[in-house]
Amino acid sequence: MGAPPFSLSRRFFKTLFPFSSFYSSFSTTTTSPPPPIRVALTESVGRAVFATRPIASGDLIHTASPAVCHPSAPGACYFCLANSGPRQPLTFCSQYCYRRSKGYYNVEMKENWVAFEDYCRTHGLKYPLLVKRLACMVISGDATSDTLDILQPTNLTPEMVLEMEEGFLLLRNAFTKALVADEHIAFLTKQWYINVLARIRINAFRIELAGGLYEDLLSSAVASVEAEAAVGNAVYILPSFYNHDCDPNVHIIWIDSADAKLKALRDIDEGEELRICYIDASLDRDARRELLFRGFGFQCNCRRCLHGD
């Protein structure tokens, strides 16, 4: 496969990742070598991820830490979503996680979230909680208000925007009632809330933890499904650039925290596009296409769907 057009430069990404360098943003250590991938713009699918060298089946391609995450299960660590022991909300699995999130944790603990969380629970919403977490991170200085701007937003109907307005008002009121200074929440406009939520809606991952070693990919994936170990939701930068395929060559898993691990499901050639499956690949074609269209706004024309599988 030839090199795709419109390669995105490293300088471009450094501009868009003010919180860290491009490579360290999806590596668990600053000494790790760059992953064997590059992001490029294509004429057919927009942004895509390509292999820069052959990748063997089972290889760990790279890891990625979330730009923002939020627990949904009692006992999930406030910072990394790992099992923190006692099954109660807002706990930490380690002093390290407490130190890393202390700034925005302290911001969040100053507010009264009863009305906002009742709104989310009543309407069955989880993504506004990620917006709340990001707002606290911006106020504390742990993130910038444009952290997620690089991600593709979903198309919103006027009805969807109208539904979001109630959540925005409840979120902003929680901060104003806690006497957060106006200059600290100047970024928190209705347009900011809607724009962030539009990106989270199609870029958030449901985190399911699978115990064991990540070398045992298939058994870990099965364990997470059987245990229904959903512990929260998270948004990543680089993994969000991976396009969908109903017969993917890359799988994303979580072992013991929200740090995502992307592994090759088969041998991958240099220059080949890397793709993940956004949904349950075991569904039949019509069900997959309907879910992808409703959830992500596109008609899947991958090889598997075109062949009627």
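Me: Of the contacts in the chain with a separation of 6 or more, what share comes from residues 24 or more positions apart?
Reply: They account for 68%. Bear in mind that this is a predicted model.

Me: How many helices and strands are there?
Reply: The chain has 9 helices and 10 strands. Of its 309 residues, 48% are buried.

Me: Where does arginine 199 sit, and which residues is it in contact with beyond its neighbours within four places in sequence?
Reply: Arginine 199 is in helix α6, residues 190-203.

Me: Is arginine 199 buried or exposed?
Reply: Arginine 199 is buried and has no salt bridge. The nearest side chain of opposite charge is aspartate 149, at 4.6 Å, and a salt bridge has to be within 4 Å.

Me: What does the arginine 199 side chain reach at 3.4 Å?
Reply: The backbone oxygen of leucine 148.

Me: Switching to salt bridges. How many does the structure hold?
Reply: The structure holds 11. In one of them, lysine 132 pairs with glutamate 108, with the closest N and O atoms 2.9 Å apart.

Me: Which helices are lysine 132 and glutamate 108 in?
Reply: Lysine 132 is in helix α4 (residues 127-140) and glutamate 108 in helix α2 (residues 95-109), 24 residues apart. Both residues are buried.

Me: What about arginine 275?
Reply: Arginine 275 forms a salt bridge with glutamate 273, 3.2 Å from N to O. Arginine 275 and glutamate 273 are buried.

Me: Which residues do salt bridges with shared partners join into one network?
Reply: Glu108, Glu117, Lys132 and Arg133.

Technical notes. Residues numbered from 1 in each chain as written. Predicted model: local features only at pLDDT ≥ 70, side-chain atom pairs only at ≥ 80, totals over all residues. Heavy atoms only, no water. Helix = DSSP H or I, 4+ residues; strand = E, 2+ residues; numbered from the N terminus. Buried < 20%, exposed > 50% of the residue type's maximum accessible area, 1.4 Å probe, protein only. Lys, Arg positive; Asp, Glu negative; His and termini not counted. Polar contact = N/O pair within 3.5 Å; in protein donor to acceptor, adjacent residues only side chain to side chain. Contact = heavy atoms within 4.5 Å.
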